[in-house]
Amino acid sequence: MSDCQKPADIVQGENAQLDFSQSMSYGDYLQLDAILGAQKPLSPTHDEMLFIIQHQTSELWMKLMLHELRAAIANVAHDELGSAFKKLARVSKIMEQLVHAWDVLATMTPPEYSAMRPYLANSSGFQSAQYRCIEFSLGNKNAAMLKPHAHRPDLLATVQAAFEAPSLYDEALRLLARRGLPVPASHTERDWTQGYAENDAVESAWLTVYRNPKQYWDLYQLGEELTDLEDAFRLWRFRHVTTVERVIGFKRGTGGTGGVSYLRKMLDVVLFPEIWKLRTNL
């Protein structure tokens, strides 16, 4: 005689709540009707559902990334490094999720994508407001990237705020200066809308930190958190370009860029240059 309980008996024995006619359910809390009803393929092709869900889930991860990144920047600005480290570590883990998302999209073959591509018109991830906020928050400022959002004043205001605010690296350098390290004023009080310019004095300040980790342990850890973050971001960019090349080859992107040629140029963008350069001089 078996000692195994039937599934129905297990549920009854746990006294699980089964009636949600008068209380909030799992689906209610997560608003699953709205989320699961947001996939509206425009083409008759089977594979468009993959394309939509991959990009929608990536946007959800980016929403969380911005939530953590904005809070981490505020933490660094207020010398709350313990809290910042936790959030930056989470941002790096979110980047890992975004990297692996490309693995799923890469299962789409060129003929499968070509069948649905005409239905995308000029829409492109290049136009993602959240991705642009992430890039701006990490210091890759470019005024031209405000233009894709000009038709939506609400989105433009959000992207503009990220464009005009100090980036994570800007706040890190201001923190170094507050700790007495010789970061030049040109890099602690400047026009935050301008792209970051690499500076030898900034590298020297970071070198002081890295040569004296016991004295500057939290700043040393901050440097490594920044390294982890950019490392993960580079992997995301690399998987992006290889997936695009695998699926569409060297066709132009739907948003008008050169596609792979544009994405390869973005691989050369360094967010925290002195953090990487100092390793040669240690």
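Guide: A cavity here is a set of grid points where a 1.4 Å probe fits but cannot get out, and its volume is the space filled by probe spheres set on the points. The model is predicted.

Visitor: How much space lies in the largest cavity?
Guide: A search of the whole structure finds one cavity of 30 Å³ or more. The space in the largest cavity amounts to about 40 Å³.

Visitor: Which elements give two or more residues to the lining of the largest cavity?
Guide: The lining consists of M62, M65, M95, L98, Y131, I134, F233 and W236. By class, this lining has eight nonpolar, no polar and no charged residues. The elements that give two or more residues to the lining are helix 4 (48-77), helix 5 (81-105), helix 7 (129-137) and helix 11.

Visitor: Is helix 9 roughly parallel or roughly antiparallel to helix 11?
Guide: Helix 9 (residues 168-178) packs against helix 11 (residues 217-248) at an angle of about 165°, the axes being 11 Å apart. Angles over 145 degrees count as roughly antiparallel. Helix 9 is therefore, relative to helix 11, roughly antiparallel.

Visitor: What is the handedness of the crossing of helix 9 and helix 11?
Guide: The two helices pack with their axes 11 Å apart. Their crossing is left-handed.

Visitor: How many nonpolar residues does the contact of helix 9 with helix 11 have?
Guide: From helix 9, L168, Y169, A172, L175 and L176 meet L219, L222, L226 and L229 in helix 11. By class, this contact has no polar and no charged residues, and its nonpolar residues number nine.

Notes: Residues numbered from 1 in each chain as written. Predicted model: local features only at pLDDT ≥ 70, side-chain atom pairs only at ≥ 80, totals over all residues. Heavy atoms only, no water. Axes fitted to C-alpha atoms, helices over the stretch in contact; angles between N-to-C directions. Helix = DSSP H or I, 4+ residues; strand = E, 2+ residues; numbered from the N terminus. Parallel < 35°, antiparallel > 145°, perpendicular 65-115°, else oblique. Left-handed = near helix turned anticlockwise from the far one by under 90°. Contact = heavy atoms within 4.5 Å. Nonpolar A, V, L, I, M, F, W, Y, C, P; charged D, E, K, R; others polar. 1 Å grid on protein atoms, 1.4 Å probe; cavity = no way out; pocket = protein on both sides within 12 Å on 5 of 7 lines; lining within 4 Å.
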